[in-house]
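Colleague: I have a model open and would like to go through it with you. Can we start from the inside and work outwards?

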Amino acid sequence: MSTGHRPNPTIDFDHPPADPLPLFDQWLADAKKLATPNPNAMTLATVASDGAPSARVVLLRGMSRDGARFFTNRSSRKGRELAENQRTALLFFWDELNRQVRIEGLASPTSDAESDEYFAQRPFDSRINAWASDQSEPVANRAELERRAGQLTERFTGIDVPRPPHWGGYRVSLDRIEFWQGDKYRLHDRIAYTRNADGRYTVVRLCP
Ligand SMILES: Cc1cc2nc3c(=O)[nH]c(=O)nc-3n(C[C@H](O)[C@H](O)[C@H](O)COP(=O)(O)O)c2cc1C
């Protein structure tokens, strides 16, 4: 009986590569070829000190052996939760490719120099809005947000907008990274990499 299984073009799940990084890069590159507006969007899960999880989407801004980087307001809910508990999970889902990548690791703040460098590349309005928004705090209405942004635009026009002290990056270490490729009739392919103390990975195939 045919299972409808098609060999995967980027990976032989029975003989996976030892290093998950090039595989992730390949899958992200495949996603970037799609018409989808944010192929680098990932769900970030954090856990508050009382054990309650929360999740939201952020954009991946760089992936390396050191981890998956994103930028945000560190005074936000996620920032507060990360200050209490570094343990996080990240999730990419590319529906058109029938693929999912799950990452688990510890989130550490990027250095001031690294955050400055990234902030400086952002468009003027994005830099203004990083100042204007007390991310995750209540605000009366849209007009109030626009009033704040307008005031800051006046204040900073003609000068370099500095990075707000509460704004910066995090890098999530790649302690566990799992690749999932959907297949017909739910006989999906999964491989999970777990990082060892020497930095190399142990890889196992998992039942779908
Ligand atoms: C496609 C998409 C991309 C987003 N990218 C970011 C991002 O890179 N950084 C960020 O702080 N928020 C980003 N957000 C907003 C977050 O999902 C979230 O609303 C915000 O960070 C506040 O979350 P918090 O209250 O849990 O801290 C994005 C939302 C979407 C839908």
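Colleague: Leaving aside neighbours within four places in sequence, what is Ala68 in contact with?

Modeller: Ala68 is in contact with Leu60, Met63, Leu90, Ile103, Arg171, Val172 and Leu174. Two residues are in contact if their C-beta atoms, placed from the backbone, lie within 7 Å. This is a predicted model, where local features need pLDDT of at least 70 and side-chain atom pairs count only at pLDDT 80 or more, while totals for chains, interfaces and linings use all residues. Residues are numbered from 1 along each chain as its sequence is written.

Colleague: Which residues have the most contacts inside the largest nonpolar core?

Modeller: Ala68, Leu90, Val101, Ile103, Val172 and Ile177, in a core of 23 residues. A nonpolar core is a set of buried Ala, Val, Leu, Ile, Met, Phe, Trp, Tyr and Cys residues joined through C-beta atoms within 7 Å. Buried means that 20 or more other C-beta atoms lie within 10 Å of the residue's own; exposed means 12 or fewer, and partly exposed is in between, with C-beta atoms placed from the backbone.

Colleague: Which elements give two or more residues to that core?

Modeller: They are α1 (20–32), β1 (41–47), β4 (67–73), β5 (87–94), β6 (99–109), β7 (167–172), β8 (176–181) and β9 (189–195). Helices (H or I, at least four residues) and strands (E, at least two) are DSSP runs, numbered from the N terminus.

Colleague: And what does the second core include?

Modeller: That separate core has six residues, including Ala130, Trp131, Ala132 and Trp167. In soluble globular proteins, nonpolar side chains tend to be buried together.

Colleague: Which residues of α4 are buried?

Modeller: In α4 (residues 124–132), they are Arg127, Ile128, Ala130, Trp131 and Ala132. These buried residues pack against α3 (112–121), α5 (142–156) and β7.

Colleague: How many bridges join β6 to β8?

Modeller: Six, and these strands run antiparallel, with Val101 opposite Phe179 in β8. β6 also pairs with β7 in the antiparallel sense over three bridges, where Ser108 stands opposite Arg171.

Colleague: New topic. How many residues surround the ligand, and which are the closest?

Modeller: There are 16, and the closest are Thr72, Ser76, Arg77, Lys78 and Ser136. A residue is near a molecule if its C-beta atom, placed from the backbone, lies within 6 Å of it. β2 (53–59) gives the most to this shell, with five residues; β2, β4 and α2 (77–84) each supply at least two.

Colleague: How do the shell residues divide into nonpolar, polar and charged?

Modeller: Six are nonpolar, seven polar and three charged. Here Ala, Val, Leu, Ile, Met, Phe, Trp, Tyr, Cys and Pro count as nonpolar, Asp, Glu, Lys and Arg as charged, and the others, Gly among them, as polar.

Colleague: Which residues are buried in α2?

Modeller: Lys78, Gly79, Glu81 and Leu82. Seen down the axis of α2, they fall within an arc of 165°, so they line one face of the helix; the arc is that of the directions from the helix axis to the C-beta atoms. They pack against β1, β2, β4, β6 and β7.

Colleague: Where is Ser136, and what is its phi?

Modeller: Ser136 is in the loop between α4 and α5 and has a positive phi of about 80°, although it is not a glycine. Most residues other than glycine have a negative phi. Ser136 counts as partly exposed because it has 14 C-beta neighbours inside 10 Å.

Colleague: And Tyr185, buried or exposed?

Modeller: Exposed, with 8 other C-beta atoms within 10 Å. Tyr185 is in the loop between β8 and β9, and its phi is positive, near 55°.

Terms used:
Two strands pair if DSSP finds at least two bridges between them.
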